[in-house]
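Here is a short report on surface, pocket and charge pairing. Please look over the model before reading on.

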Amino acid sequence: MKDEYDFSKMKSRRNPYASKLKRQVTIRMGDDVVEYFKQLSEETGIPYQSLINLYLRDCMAHGRRPDLSWR
């Protein structure tokens, strides 16, 4: 293996995983919901935004839908 490499002649190319990256969105959530995930984050060591993403992904994978009936 070389001690140094010359990257000046290297051609750039698009990231093949760019379509799989996360997209930043702004949503409004109740303080209680955010606090719940922040507390869960402290217990697990996983950032709370990642936990929210994991939960939503799990709901999506299992076809869960919110109960929209009013009581």
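## The segment before helix 1

K11 is exposed, because its relative accessible area is 78% and the exposed class begins over 50%. The model is a predicted one. K11 sits in the segment before helix 1. Its C-alpha atom is separated from that of I52 by 38 Å. Along the chain, K11 and I52 are 41 residues apart.

M10 also belongs to the segment before helix 1, a helix that spans 31-44. The relative accessible area of M10 is 59%, so M10 is exposed.

## A nonpolar surface patch

Which residues form a nonpolar patch on the surface? They are M1, Y5, F7 and M10. Together they have about 610 Å² of accessible area.

## The largest pocket

Rolling a probe the size of a water molecule over the atoms shows where empty space is left. The largest pocket has a volume of about 600 Å³. Its lining counts 17 residues. Closest to the pocket centre are R23, Q24, V25, Q49 and N53.

Helix 2, residues 48-61, gives the largest share of this lining, with seven residues. By class, the lining of the largest pocket splits into eight nonpolar, five polar and four charged residues.

## The salt bridge

Side chains of opposite charge can pair when their charged atoms come close. How many salt bridges does the structure hold? It holds one. The partners are R64 and D58, whose side chains meet at 2.6 Å, N to O. This distance counts as a salt bridge because the cut-off is within 4 Å.

Are the partners buried, exposed or in between? R64 is partly exposed, with a relative accessible area of 45%. D58 is partly exposed as well, at 29%.

Notes
Residues numbered from 1 in each chain as written. Predicted model: local features only at pLDDT ≥ 70, side-chain atom pairs only at ≥ 80, totals over all residues. Heavy atoms only, no water. Patch = residues over 30% accessible without salt bridge, like charges linked within 9 Å, V, L, I, M, F, W, Y side chains within 5 Å. Areas by Shrake-Rupley, 256 points an atom, 1.4 Å probe, with all protein chains shown as cover. Helix = DSSP H or I, 4+ residues; strand = E, 2+ residues; numbered from the N terminus. Buried < 20%, exposed > 50% of the residue type's maximum accessible area, 1.4 Å probe, protein only. 1 Å grid on protein atoms, 1.4 Å probe; cavity = no way out; pocket = protein on both sides within 12 Å on 5 of 7 lines; lining within 4 Å. Points joined across faces, edges and corners; volume = space filled by probe spheres on them. Nonpolar A, V, L, I, M, F, W, Y, C, P; charged D, E, K, R; others polar.
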